[in-house]
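Let's take a look at one strand and its neighbours, and then at a ligand site.

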Amino acid sequence: MLRLSAKDPGFAEAFARVVSDRRESAVDVAADVAAILRDVRERGDAALADLTAKFDGHDLDQTGWNVDAATCKAAFDALEPTLRAALELAAERIRAYHAAQLPENRDYTDAAGVRLGATWNAVDAAGLYVPGGRAAYPSSLLMNAIPAKVAGVERLVVVTPTPKGEVNPLVLAAAHLAGVDEVWRVGGAHAVGALAYGTDRIAPVDVVTGPGNAWVAEAKRQLYGVVGIDMVAGPSEILVIADAKNEPRRIAADLLSQAEHDPTSQSILITDDAAYADAVAEAVELELAALATEKTARESWNVNGVIIDVASFDEAPALANALAAEHVEIATDDPESLMRRIRHAGSVFLGRMTPEAVGDYVAGPNHVLPTGRRARFSSGLSVLDFMKRTSFIQLDAAALEAIGPAAVALAEAEGLPAHARSISVRLNS
Ligand SMILES: NC(=O)c1ccc[n+]([C@@H]2O[C@H](COP(=O)([O-])OP(=O)(O)OC[C@H]3O[C@@H](n4cnc5c(N)ncnc54)[C@H](O)[C@@H]3O)[C@@H](O)[C@H]2O)c1
Ligand SMILES: N[C@H](CO)Cc1c[nH]c[nH+]1
Ligand SMILES: [Zn+2]
């Protein structure tokens with residue numbers, strides 16, 4: 001872990017490097033992704049087959065291109081009861097949270113007698129990226145599919161990689177539970193390209209949502225405009241703001257929870273106690289040793305960590321706003337007052353008993369969140385990402401008399417006489 005102190009003279013420069021050195025953009029994948037997307041656009045399914053063989057190590061013609069509804073249902077029916085209950089609890093809480101996001105149509109007549117309003121409609125088809133490279137993500141399937149269903153999307157298309165041809169049964173069970181229509185066994189940038197352009201097998205969609213690694217995130221970014229996207233949700237990040245009253249190993253565990261996702265993930269701690277900062281750095285090593293015995297070798301962990309001590313938490317909001325992190329945990333006596341000053345964050349977790357990981361699975365809000373400082377201008381996945389708004393306008397003769405002349409004046413000033421005439425021919429005077 002990189003150790004910084006805000007009291008050091010070189011801190012501003014060192015912190016600026018942390019802000020700019022966001023791993024996802026540091027990995028330059030744009031050219032590779034552009035080539036992959038071109039290949040998918042030109043060769044369709046043949047490109048998908050070749051790239052799947054290259055990156056996921058299996059032959060789609062042998063292992064199967066998709067998984068049918070009966071197989072997803074069978075996976076759900078075969079779930080062990082505790083896991084089934086957990087999946088159902090997560091789905092129910094996600095559904096309840098997102099149902100409250102449904103927008104209301106507007107319809108009113110203003111003082112000039114002009115009827116105005118807007119109606120919301122769902123997109124016809126949504127492509128849902130469910131990551132599956134290093135780990136499988138049934139939770140991301142629920143986070144994508146449930147808001148799409150709530151929005152009223154008719155066709156829900158999941159793409160997910162199945163490395164070495166192995167399908168994760170919980171992903172299939174989640175697909176059944178959430179009412180997904182199609183599950184395609186392709187991942188990476190090429191899967192996003194297939195959703196956007198369409199291939200012989202996969203019909204194109206209107207919007208692509210969901211998280212993924214640097215290649216997936218960059219593919220969505222490059223394809224925006226060909227399809228709609230939710231936002232760029234790349235390798236996970238966490239910023240923890242914690243005081244010395246927190247057990248160091250708990251905070252270390254929180255930092256590692258996001259480092260676990262991707263070697264390019266980022267974990268940052270800000271604390272107001274230098275000795276505590278050192279204690280957490282030590283605790284990270286202890287936690288890594290504990291995790292290594294259960295899961296993976298210590299050497300396989302790549303922790304892009306930064307631990308910063310500040311003189312007072314008063315300094316934390318400015319640092320947090322500059323980082324604009326995907327997740328911000330605030331484990332202090334008064335988390336509320338800090339949250340009010342943090343304007344750029346994907347999601348905030350308040351208090352000592354709200355580990356970020358609870359939001360990954362069962363809290364209810366969406367875990368698909370902007371990364372790479374994009375919380376400055378975008379928000380987490382919501383029902384609105386699967387909908388669009390159409391405004392409407394209706395005037396009668398009196399309303400046109402009231403506001404039409406101003407439009408005529410503006411049209412003439414723009415040098416657009418045909419515009420002006422289409423209004424003036426309807427005016428009495
Ligand atoms: N921001 C969020 O909301 C959020 C939520 C969940 C997960 N995530 C992120 O999702 C990611 C999951 O990553 P993953 O790798 O496990 O699964 P993934 O499905 O995102 O990516 C795996 C695919 O990437 C492609 N790929 C791998 N190496 C490549 C290369 N060198 N060139 C081109 N393509 C390549 C392959 O097709 C592979 O199937 C993590 O970064 C995690 O942090 C983000
Ligand atoms: N932390 C991820 C979002 O960055 C979501 C997730 C899914 N499963 C575990 N975690
Ligand atoms: Zn996570």
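## A strand and a ligand shell

β10 and strand β11 (residues 266–271) run parallel and are joined by five bridges; strands are DSSP runs of E, at least two residues, helices are runs of H or I, at least four residues, and both are numbered from the N terminus. Two strands count as paired if DSSP finds at least two bridges between them. This is a predicted model, where local features need pLDDT of at least 70, side-chain atom pairs count only at pLDDT 80 or more, and totals for chains, interfaces and linings use all residues. Residues are numbered from 1 along each chain as its sequence is written, while chains are lettered from A and ligands numbered from 1 in the order in which they are written.

β10 also pairs with strand β13 (residues 327–331), again parallel and over five bridges. Here is one bridge from each pairing:

Together with helix α12 (residues 248–259), β10 and β11 form a right-handed β-α-β unit (with the strands pointing away from the viewer, the path from the first strand over the helix to the second runs clockwise).

Six of the six residues of β10 (residues 237–242) are buried, so the strand is largely enclosed by the rest of the structure; buried means 20 or more other C-beta atoms within 10 Å of a residue's own, with C-beta atoms placed from the backbone. Glu237, Leu239 and Ile241 point one way, Ile238, Val240 and Ala242 the other.

Now for the ligand. Domain 1 (2–26 + 235–367) and domain 2 (44–233) both give residues to the shell around ligand 2, so ligand 2 lies between them; the domain bounds come from an automatic or database assignment.

How values were computed
Buried ≥ 20, exposed ≤ 12 C-beta atoms within 10 Å, placed from the backbone.
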